[in-house]
Amino acid sequence: MIEARGIVKRFGDFTALDSVSVEVEAGSLTALLGPSGSGKSTLLRVIAGLERPDAGQVCLERRDVTALAPQQRGVGFVFQHYAAFKHMTVWENVAFGLKIRRRPRAEVKHRVGELLELVQLARLGDRYPAQLSGGQRQRMGLARALAVDPKVLLLDEPFGALDARVRKELRAWLRRLHDETHTTTVIVTHDQEEAMEVADRVVVMNGGRIEQTAPPRELYDHPANEFVMSFVGPVNRLGDAFIRPHDIELLVEPNGATQEAMVQRLVHLGFEVRVELVRDDGEVLSAQLTREQVEALELQRGQIVYVRPMRQTVFAD
Amino acid sequence: MAANAQALPAPRARRSAAPGLAIGLSTLYLSVIVLLPLAALASRAHGWDAITSAQATSALRLTLLVSLTVALINAVAGTAIAWTLVRDRFLGQGFVNALVDLPFALPTIVAGLTLLTLYRDVAFTRWAILLALLFVTLPFVVRTVQPVLLELDTEMEDAAASLGASRLATFRRVILPNIFPAILSGVALAFARAVGEFGSVVLISGNLPFKTEVASVYVFGRIESGDTGGAAAASVVILAISCGVLLTIGGVRRWATRHDR
Amino acid sequence: MIGRYVLRFAALGYIAALLATPVGYVFGKTFGHGFWPAWHGVATPDAVHALKLTLIIAAIAVPANTIFGVLAALAIVRHRFPGAGIFNAVVDLPLALSPVVVGLALLLLYGRGGWLGGHHVLFALPGMVLATMLVCLPFVVREVVPVLREIGTEQEQAAATLGASALQTFVRVTWPAIRWATAFGVVLGTARALGEFGAVSVVSGRLAEQTETLTLYVQDRYQAFDETGAYASAVVLALIAVTTLLLMTALKPKEETR
């Protein structure tokens with residue numbers, strides 16, 4: 001398990017982490033989610049020992065490692081741009097940690113073979129990183145980090161440099177891997193879909209502070225503030241209230257506390273339809289309906305409809 | 001037709017003139033300035049005793065020995081200096097960085113004179129030659145390694161640290177293999193320079209035959225005694241050996257960068 | 001941690017012992033007796049003539065080399081021609097040649113009995129200029145070639161599609177991109193030209209007041225046991241070298257942030 005308490009980190013005038021505390025349960029997969037500059041990568045690097053905090057404490061498995069170098073922490077780190085040893089083959093890259101620890105040849109051979117099988121790079125052992133695709137290089141990076149049986153696995157936007165399809169594949173693959181190995185894992189990402197899909201718990205960060213820590217479902221259903229709510233999903237604003245697109249009901253006739261709006265555009269996204277509406281005062285709303293609902297209402301461009309929130313959230317300031 | 005506002009310039013056959021001019025003129029210049037004299041040198045080389053005499057072989061052996069030593073010392077010192085200039089931070093770093101280029105800028109005769117003034121005790125010994133050659137070759141390895149160190153991805157070093165490698169292991173297994181080709185380039189340049197060096201050595205070494213006479217001074221001696229044929233023969237041999245060493249270093253360099261292709 | 005200080009100390013110590021201390025010592029020795037004795041040591045007619053000769057040689061050799069350098073760089077990078085590889089190798093050749101060998105080659109070519117002999121090239125200005133041109137040859141080319149490679153041909157192609165002739169393209173598009181690299185190469189080449197010793201030593205005949213450059217003058221004074229004269233003229237050359245260093249330092253960042 002990982003405990004970080006009161007971490008402060010400044011780069012010159014810029015405060016990357018403003019007294020951040022977080023706890024990661026052993027065996028869980030936790031995501032650090034936030035926009036660029038939120039401090040999530042910095043926090044990860046502090047946990048790894050690649051950055052020294054100006055204040056605060058880091059404990060791994062109840063051991064205070066704040067003063068320890070990365071070599072001594074037993075963490076596995078996977079980098080966004082792979083950090084591949086470009087002068088070594090894939091095999092040598094994965095074997096690196098084991099060779100440093102002077103493991104016997106036979107053990108190294110066995111372990112590396114096992115890992116290359118696991119990440120499906122078994123036939124590419126003799127290639128150099130320059131000859132691999134991005135996805136292959138990152139799988140190599142993962143195998144390399146896992147080779148030394150780390151107590152904690154840290155991934156810094158591991159799929160950020162890859163294209164969308166490869167990203168989705170590797171995301172699912174990472175979750176399956178975690179379910180098998182149960183290594184305590186922390187993944188940094190700015191992609192909320194990725195965090196929600198892969199993690200047991202999500203830590204939402206903004207401007208060097210933690211906004212909320214919760215399982216994905218709770219984050220979505222009970223966001224702590226406006227920032228979290230708009231970061232984890234699309235949101236409409238009506239005065240003080242925040243409403244999810246799928247919580248907007250559209251009626252053909254006015255009924256009680258409904259508001260008038262005009263259908264501006266219908267975007268058909270397979271099973272769902274995004275209905276873009278505009279009110280008298282120019283305010284734009286976005287509702288999410290199923291195909292059947294749209295057909296039942298016979299919605300068309302330019303049509304006047306009546307909007308009612310089925311559920312809304314208001315935050316006390 | 002009239003509606004077409006923009007008239008294109010009339011096509012000319014100018015495309016073929018400019019490249020031809022550049023290639024032609026520069027080849028002419030190169031031939032007259034470099035190739036012709038070297039051809040004259042090769043054609044007038046004769047006289048085996050100029051190459052095989054005891055004095056000649058002694059000068060050649062001394063030159064090669066000292067030049068290789070200097071190249072190796074530079075490999076270490078140059079890398080250390082490049083490292084300090086790139087990875088370290090200290091007051092006056094910019095000044096030191098500029099100072100490294102001094103041997104490029106300073107006339108060799110002045111270099112020899114300044115070394116002679118301070119290190120009088122080594123004058124007329126082989127150490128004087130070593131000293132002079134170290135002076136003139138200082139910038140080579142530094143300047144080839146520096147840009148590579150600047151471009152080096154520090155994430156590789158972070159990765160090595162996270163995998164348990166100590167600073168020394170990281171240097172040996174990650175950094176060094178990546179700067180090795182640059183070190184080799186610098187070594188080749190330093191070696192070539194050292195073999196032919198004249199101005200800085202001629203004052204400080206005393207030019208004692210069989211003791212402190214380097215190849216270039218030997219050749220100069222042959223010229224002064226009117227044996228230009230012999231001097232040319234010796235020059236050709238020295239050039240051939242230099243080329244051999246440089247080609248070998250080039251080959252090693254190509255092997256060391258095979259992962260980049 | 002300690003390692004960093006050890007390395008810094010070792011590297012700086014090496015530079016201090018090899019470079020800084022000797023040069024500083026010479027400056028000290030030269031001006032040790034005051035400025036005027038040093039001035040007198042260098043203000044002799046022979047020395048002044050030597051300096052003038054050195055400057056004239058550089059004034060001819062460097063511009064010629066610069067034009068060649070830019071043309072050659074364009075030829076190598078932009079217009080791939082058969083033999084470009086050999087051309088490139090020959091351009092680098094002067095860096096591997098001993099100055100004495102350079103002088104010898106010229107001696108054999110232009111001397112009595114040589115292919116181009118009997119035209120009063122040797123033991124006179126033309127010979128020394130030719131020697132200097134040979135040794136300075138690579139500098140501008142080597143600085144401009146990487147820049148040309150890096151900027152690529154896209155801008156030049158764009159200019160062509162917009163109607164620019166080859167000359168206009170060069171002046172308006174190519175030259176602005178390579179001018180700092182060229183300047184840097186010129187500075188290096190000039191420093192080399194002013195400091196040339198071995199080759200001119202062979203081709204000049206060493207006739208004082210006629211074919212003695214400042215570098216030859218330094219050796220001449222030293223061998224005549226005129227230490228003050230030798231050091232004073234050495235210091236003049238050293239001051240020129242320092243100016244060169246300052247120019248190099250000023251031009252380097254411009255060269256790197258194209």
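The largest nonpolar core of this predicted model has 249 residues. A nonpolar core is a set of buried Ala, Val, Leu, Ile, Met, Phe, Trp, Tyr and Cys residues joined through C-beta atoms within 7 Å. A residue is buried if 20 or more other C-beta atoms lie within 10 Å of its own, with C-beta atoms placed from the backbone. Ala132(B) and Leu104(C) have the most contacts inside the core. Helix 3 (residues 45–77) of chain C supplies the largest share, 16 residues. Helices (H or I, at least four residues) and strands (E, at least two) are DSSP runs, numbered from the N terminus. Leaving out residues up to four places away in sequence, Ala132(B) touches Ala111(B), Gly112(B), Leu115(B), Ser200(B), Val201(B) and Ile204(B). Two residues are in contact if their C-beta atoms, placed from the backbone, lie within 7 Å.

Residues are numbered from 1 along each chain as its sequence is written, while chains are lettered from A and ligands numbered from 1 in the order in which they are written. In this predicted model, local features need pLDDT of at least 70 and side-chain atom pairs count only at pLDDT 80 or more, whereas totals for chains, interfaces and linings use all residues.

Chain B meets both other chains named here. Towards chain C, 63 residues of chain B contact 71 residues of chain C. Helix 1 (residues 17–43) of chain B gives the most to this side, with 17 residues. The side holds 47 nonpolar, 12 polar and four charged residues. Here Ala, Val, Leu, Ile, Met, Phe, Trp, Tyr, Cys and Pro count as nonpolar, Asp, Glu, Lys and Arg as charged, and the others, Gly among them, as polar. Towards chain A, 17 residues of chain B contact 22 residues of chain A. Helix 8 (154–162) and helix 9 (167–196) of chain B each give two or more residues to that side. Helix 8 of chain B gives the most, with six. This side divides into eight nonpolar, five polar and four charged residues.

Chain A contains an open sheet of six strands in the order 6-7-8-3-9-10, with mixed pairing. Two strands pair if DSSP finds at least two bridges between them. Strand 6 (75–78) and strand 10 (209–214) of chain A stand at the edges with a single partner strand each, so one side of each lacks a neighbour in the sheet. Five bridges join strand 9 (residues 201–206) of chain A to strand 10 of chain A, and the two run antiparallel. Asn206(A) has Arg209(A) in strand 10 as its bridge partner.

Notes. Buried ≥ 20, exposed ≤ 12 C-beta atoms within 10 Å, placed from the backbone.
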